[in-house]
Amino acid sequence: MRKTRYQPTNSVKEPQKELVMSRHTVHYEVLNNWGDKDFPDRDWEIDVHASPEELQNFEKSGYLVREALFTGDGLERLREALDQLEKREYTVPPEPSSSKKSWGRVPRYLMDKDQAFLDLLKFPPTLSIARAMMGPLVRLRGLSARISYPNNEVQETPWHIHLRVISNPLPPWFSRPHCIDALIYLDDLNDETGPVALVPGSHEWLDKEPPAQSYEPAEGEMALCVKAGDVVMIHGNLWHRAMPTRSKKRRMLILSYTPSWLRKSPHGGPQPEDGLTKQFLGNATPEERMLLGLGGYS
Ligand SMILES: O=C(O)CCC(=O)C(=O)O
Ligand SMILES: [Fe+2]
């Protein structure tokens, strides 16, 4: 098994400007003196892989680009794992499509299906930012992928947000849902594969939602063409869409974090019964159990 999974930012040999990211430490104390058995630590010192200014911008704009988090063998390992998984799960050629558009292939529960994916469970560059922004008690909402192709039907996504649970008007004690999705790109985004577009600041619009099934440009939208190995972190309720994959296969992963007391994603059918996480949980620490959705609330 290959060792290199990602390049920690402080060990990059030939620093390019984007790779020299500043880090800082954040302390949180979880106010739980109840002594629950299956509860992670009270005191957290988080080595955040971002500067305080970057976090402030993230809070305001709803997105944060991290360049070259995966390179070399680390990137190749994820591509191979996804290609293998695709071969296993999509064995029959797709029926000629009667629809005009589709999202493409969206496999889910990736951590149950390949060690390369389970190894992302505690990926510090994104987990540390999720904890800095939402507190130490976070869990994975899921790890899924999206694979799109040039096709008869156009593979793209409409404008959407990920947590469609907000009441209008806002009730006085409404629990505003937060979620951070790390969009991990395994191929370069360009006109051939399709940029990802987002509307900066839209995660704060609690009284409206993106237009239903719309593929049209939205006011204030920004199209990002990031490179393979880059990660775009978004608030799950930032308005976003993937633009058409026109002439080249496009692969990406979605590593999604929420507070530990939010439920996992309802999408994608039942979890595989004998997946890798089951065995892993047999020996897991309270922190690891919490990340996989067990405990971490009281
Ligand atoms: O493919 C992309 O760039 C984004 C995909 C996406 O937004 C999703 O699957 O929820
Ligand atoms: Fe999305």
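This is a predicted model: local features need pLDDT of at least 70, side-chain atom pairs count only at pLDDT 80 or more; totals for chains, interfaces and linings use all residues.

Residues are numbered from 1 along each chain as its sequence is written, chains are lettered from A and ligands numbered from 1 in the order written, and side-chain values use heavy atoms, with hydrogens and water left out.

Still zoomed out, the C-alpha atoms fill a box of roughly 60 × 50 × 45 Å along the principal axes. Of the 298 residues, 48% are buried (under 20% relative accessible area, with a 1.4 Å probe and protein chains only; exposed is over 50%, and partly exposed is in between).

**Next, select His 160.** You'll find His 160 in the loop between strand 6 (154–155) and strand 7 (180–185). Is His 160 buried or exposed? His 160 counts as buried because its relative accessibility is 12%. His 162 is buried too.

Now show the side chain of His 160. One of its polar atoms lies 2.9 Å from the backbone oxygen of Pro 158, and the side chain also makes a polar contact with that of His 162, at 3.2 Å. (A polar contact is a pair of N or O atoms within 3.5 Å; within protein, one must be able to donate a hydrogen and the other to accept it, and residues adjacent in sequence count only if both atoms are side-chain atoms.)

**Then click on ligand 2, the iron ion.** Which protein donors does the iron ion have? They are the NE2 atoms of His 160, His 162 and His 240, lying 2.1 Å from the ion. Donors here are N, O and S atoms within 2.8 Å of the metal (3.2 Å for Na, K and Ca), and sites may look incomplete since water is not among the atoms. Along the chain, the donors follow the spacing H-x1-H-x77-H.

**Last stop: ligand 1.** Look for its oxygen atoms: one is 2.6 Å from a side-chain N or O atom of Tyr 185, one is 2.7 Å from such an atom in Arg 250, and one is 3.1 Å from such an atom in His 160. Taken alone, ligand 1 exposes 290 Å², and the protein buries 95% of that (areas by the Shrake-Rupley method with a 1.4 Å probe).

Notes
Helices (H or I, at least four residues) and strands (E, at least two) are DSSP runs, numbered from the N terminus.
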